[in-house]
Amino acid sequence: MHVIGTVGLPGSGKGEAATIAREDGIPVVTMGDVVRQETADRGLDPATDHGTVAQALREENGPAAIAERSLPMIENRLEAHETVLVDGIRSGTEVDVFEDEFGD
């Protein structure tokens with residue numbers, strides 16, 4: 001089992017890495033999808049309220065909130081695949097969540 005995480009500034013190639021992974025049959029979990037879903041669940045516009053909701057999730061549930069919400073998505077994909085790419089890790093705290101769950 002391999003869980004690969006991408007980090008980096010906007011424009012650094014995270015999206016390109018995800019595209020290549022998908023082309024090679026590696027499933028991708030985009031942490032932003034967690035925030036987009038929560039934004040929609042709150043009746044807000046994901047295009048304008050994404051950052052506000054991401055911050056609110058972390059304030060309400062701690063700095064690992066988005067990573068923790070993405071765990072079931074990753075585990076689900078690992079049932080059928082040896083490798084999963086996680087796109088959009090934002091902090092060392094989120095890395096810690098993934099290392100605690102999946103190892104180094």
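This is a predicted model: local features need pLDDT of at least 70, side-chain atom pairs count only at pLDDT 80 or more; totals for chains, interfaces and linings use all residues.
**Entry 1: a first look**

Is R58 buried, partly exposed or exposed? I looked it up: R58 is partly exposed, with a relative accessible area of 27%. For my notes, buried means under 20% relative accessible area, exposed over 50%, and partly exposed in between (1.4 Å probe, protein chains only).

Residues are numbered from 1 along each chain as its sequence is written, and side-chain values use heavy atoms, with hydrogens and water left out.

**Entry 2: salt bridges**

I searched the whole structure and found five salt bridges. The term stands for a side-chain nitrogen of Lys or Arg within 4 Å of a carboxyl oxygen of Asp or Glu. Side chains of opposite charge can pair when their charged atoms come close.

My R58 has such a partner: E94, with the closest N and O atoms 3.1 Å apart. Since E94 lies in helix α5 and R58 in helix α3, the pair ties together parts that are 36 residues apart in sequence. E94 itself is buried, with a relative accessible area of 0%. I also noted a network: salt bridges that share partners join E38, R42, E60 and R69.

Helices here (H or I, at least four residues) and strands (E, at least two) are DSSP runs, numbered from the N terminus.

Next I checked R42, whose side chain meets that of E60 in a salt bridge (2.6 Å, N to O). R42 sits in the loop between α2 and α3 (46–61) and E60 in helix α3, so this pair ties together parts 18 residues apart in sequence. R42 counts as partly exposed, at 33% relative accessibility.

I then turned to R36 and D33, whose side chains form a salt bridge at 2.9 Å, N to O. They are separated by about one helical turn, because they are three residues apart in helix α2 (residues 31–41). Both ends came out partly exposed: R36 at 35% relative accessibility and D33 at 37%.

**Entry 3: a negative patch**

Which residues gather in a patch of negative charge on the surface? I listed E75, E79, D96, E99, D100, E101 and D104. Patch residues have over 30% relative accessible area and no salt bridge, with like charges joined within 9 Å. Asp and Glu count as negative.

Helix α5 (residues 92–102) gives the largest share of the patch, four residues. E75 belongs to helix α4 (residues 65–78) and counts as partly exposed at 33% relative accessibility. D104 is in the segment after α5, and I found D104 exposed, with a relative accessible area of 95%. I also checked its C-alpha atom against that of G51, 53 residues along the chain, and the separation is 29 Å.

In helix α1 (residues 14–23), I found K14, A18 and A21 buried. Down the axis of α1, these buried residues fall within an arc of 60°, so they line one face of the helix; the arc is that of the directions from the helix axis to the C-beta atoms. E16 and E23 are exposed on the other side of α1.

Finally, I visited V7, in the loop between β1 (2–6) and α1. V7 is exposed, with a relative accessible area of 54%. The C-alpha atoms of V7 and G88 are separated by 5.9 Å, although the two residues are 81 apart along the chain.

Terms used: Patches are made of residues with over 30% relative accessible area and no salt bridge: like charges are joined within 9 Å, nonpolar side chains (Val, Leu, Ile, Met, Phe, Trp, Tyr) within 5 Å. Accessible areas come from the Shrake-Rupley method with a 1.4 Å probe; for residues, only the protein chains shown count as cover. The place of a charge is taken as NZ of Lys, CZ of Arg, CG of Asp or CD of Glu.
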